[in-house]
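This briefing goes through one structure by topic. The points below can be read next to the sequence and the 3D view.

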Amino acid sequence: MSVISRRKQGELGGFSDRTSDIILIVISVIVLLIVAYPLYYVLVASLSDPYDVYAGKTFLMPSQFTFNGYKAVFAEPNIMRGYGNSILYTVVGTIYSVALIYLVAYPLSVKEMPGRKLVSIFFIITMYFGGGLIPTYLIVQKTGIMQTIWAMFLPGGVAVSNAIIARNYFENSIPGALKEAASIDGASHFRIFFSMIIPLSTPILSVMVIFSMVAYWNDWFTALIYMTNEQAPLPLVLRNILIKSSASANQASMISGGYAELNKMTEMIKFASIIVAAAPMLIAYPFVQKYFEKGLMAGAVKG
Amino acid sequence: MTAKAVASPKVHRKSLGRRMADSWQLYVLLLIPVVITIVYKYGPMYGIQIAFRNYNPGLGITGSPWVGWKWFERFFRAPTFDRMLWNTVKLSLYSLLWGFPVPILLSLALNQLRFKRLKRTVQTVIYAPHFISTMVICGMLRIFLSPSGGLINLIAGTKVDFLTEAGAFRTIYVASGIWQEAGWGTIIYLATLSSIDASLYEAAKVDGASVFQRILHIDIPCLLPMIILQLIMSASGLMSVGFEKAYLLQTDLNRATSDIIAIYVYEQGIVNAKYELGTAVGLFNTAINIVLLVIVNRIAKKFGDVSFV
């Protein structure tokens, strides 16, 4: 009896809602900490003396606050060149990728185009089946784009899943009546594409831009197999620092304090370079975050 | 006006040639993407045949002598074949098993969270790791897992060199994968949940349903088709487990668990320039993926009204 009445009271009186609110808040905060803390820890470590970091003195606040890590990162010619390369590949690659996505998505959104289905299949096949790493490598060799900037994005072809997302957006979110009215008024497909589709699709455009930017900014494997050391983008340069833990000749010559100082500098560069590499994308994505749901849903509606 | 109304049905009766002529500008737009796709996507598909040949660049692909299954046999007889195959399967199975439910649970919790600002903050933060390069993630992992002063050892008060322990590799791989991608994975589920009619929740509340009951009887049924769809997509990529992270976290001492087929393709095909062997192994991988895709798609069709291909 008492159990039943308590249950009823709980459910109807809002008590259980408040309990579940508390549970949900606790879960949220724990998730928040698990995701954010490692990033925060690296940020704090990048501003601290590395020996204090390894002694466990920097769990919450920097110890012996210093910008030396960042100074060393920006004084390192390899990292700076990598940064420059990354910016170049990201800018050119994003323009290329987004342009291709649009060039594919718009024609596929026009239902009257003969061969629409065939063209769709032509592109979708490449999502599920490909030649693989080595045959692609050989084609890159054969077409003579090895060690040129073209090798960074041409082998990727068209980002078909993104093109499908964009096509669905054009179909569902740009009023068909508008396109019809334009074509009755004699507007050509070019005209509709350039002065209607592109200006009216900024939400999906921004999603495509950020997706492409992230992909190029973080890519290192393409450069590992197709490019020279001088052409390496930032993540690939960081491989020597973060994964292989090797100090460069430049650092060794810069530092007079012997092995211990060099070691210290290497460790500081690790933390600072992580922040320097991750920061641009982490700063950029919140600006377009509100479009993610819309964009990804549009693509999932009709895969 | 009437003339146009009469004319419009005729639009659909135009001849194919006429309709193609009307669409010429669309074909022009498609030209560059189609050419690039033919060269860099279909070109390599044509090149797959070197898996069955002794490739000689001088003779070209079709001119090189045919050797049948030679390279596949060499792969199957490789001393590490069993190890690579099982490592690949286990690594992706564990990733799927542990990683797949997390975004679903997260989005169910976030969807019920009534404090919108907290919800937004959590969302923004949990998306963040998705935007970080695998290289940087692996750099962070190496720092955190370091035996001398790494975060994990500091907290636990130990001095374990995790990356030299074969037994720890899969846990590191799976856990860091969840950390990086679970938040991003919630987007699609949260978007699906946000389409639920608010009156359903109101009705449930009036009937005295608790939050847990609302999740069980409203949210989960609503998510199910999307869950199945996502499962098909993940399961079909079982053999294409992430090369990058395995490669970057591999050390000589954890190879017993970190050696996967994709690393073999890279080492044989690119580093050792054994193009035929690399192509054959890559094809083996792709073939299994396609078989899996078909199987999972069949199963999903039986269980729900969903199909991806």
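A helix here is a DSSP run of H or I with at least four residues, and helices are numbered from the N terminus. By that count, Leu108(B) sits in helix 7 (residues 101-112) of chain B. The model is predicted, and the predictor assigns the complex an ipTM of 0.86 and a pTM of 0.87.

**Confidence by chain**

- In chain A the average pLDDT is 86, with 87% of the residues scoring at least 70.
- Residues 1-14 of chain A have a pLDDT below 50, and this stretch makes seven contacts in the model beyond near neighbours in sequence.
- Chain B has a mean pLDDT of 87, and 94% of its residues reach 70 or more.
- Residues 1-10 of chain B also fall below 50 in pLDDT; beyond near neighbours in sequence, this stretch has zero contacts in the model.

**Chain A overall**

- Chain A contains 17 helices and zero strands.
- Of the 303 residues in chain A, 39% are buried.
- Among contacts in chain A with a separation of 6 or more, 71% join residues 24 or more positions apart.

**Domains of chain A**

- Chain A splits into domain 1 (2-66) and domain 2 (71-301).
- Where these domains of chain A touch, domain 1 supplies six residues and domain 2 supplies seven residues.
- On the domain 1 side, helix 2 (15-46) and helix 3 (50-54) of chain A are the elements that give two or more residues.
- Helix 2 of chain A gives the most to that side, with four residues.
- By type, the domain 1 side consists of five nonpolar residues, one polar and no charged.

**Contact between chains A and B**

- The contact between the chains involves 80 residues of chain A and 74 residues of chain B.
- On the chain B side, helix 3 (residues 24-47) of chain B provides the largest share, 15 residues.
- The chain B side comprises 49 nonpolar, 20 polar and five charged residues.

**Largest nonpolar core**

- The largest nonpolar core holds 137 residues. Those with the most contacts inside it are Ile101(A), Val104(A), Ala105(A), Ala163(A), Ala166(A) and Val136(B).
- Helix 5 (residues 77-109) of chain A contributes the largest share of this core, twelve residues.
- Both domain 1 (2-66) and domain 2 (71-301) of chain A give at least three residues each to this core.
- Setting aside neighbours within four places in sequence, Ile101(A) contacts Val158(A), Ala159(A), Asn162(A), Ala163(A), Ala166(A) and Met208(A).

- Gly186(A) follows helix 10 of chain A and has a positive phi, near 90 degrees.
- In helix 11 (residues 189-200) of chain A, the buried residues are His189(A), Phe193(A) and Ile197(A).
- Viewed down the axis of helix 11 of chain A, the buried residues fall within an arc of 45 degrees, so they line one face of the helix.
- An α-helix has 3.6 residues a turn, so residues three or four places apart point the same way.
- Phe194(A), Ser195(A) and Pro199(A) are exposed on the other side of helix 11 of chain A.
- The cover over the buried residues of helix 11 of chain A includes helix 5 and helix 9 (160-173) of chain A, together with helix 3 of chain B.

- Leu108(B) counts as buried because it has 22 C-beta neighbours inside 10 Å, where the cut-off is 20 or more.
- Not counting residues up to four places away in sequence, Leu108(B) touches Ile215(B) and Asp219(B).
- Ser146(B) is 38 residues from Leu108(B) along the chain, and their C-alpha atoms are separated by 35 Å.
- Buried residues in helix 16 (residues 261-271) of chain B are Ile261(B), Ala262(B), Tyr264(B), Val265(B), Tyr266(B), Gln268(B) and Gly269(B).

Definitions and conventions
Residues numbered from 1 in each chain as written. Chains lettered and ligands numbered in written order. Predicted model: local features only at pLDDT ≥ 70, side-chain atom pairs only at ≥ 80, totals over all residues. Contact = placed C-beta atoms within 7 Å. Nonpolar A, V, L, I, M, F, W, Y, C, P; charged D, E, K, R; others polar. Buried ≥ 20, exposed ≤ 12 C-beta atoms within 10 Å, placed from the backbone. Domains from an automatic or database assignment. Core = buried A, V, L, I, M, F, W, Y, C linked by C-beta atoms within 7 Å. pLDDT = per-residue confidence, 0-100. Arc of directions from axis to C-beta.
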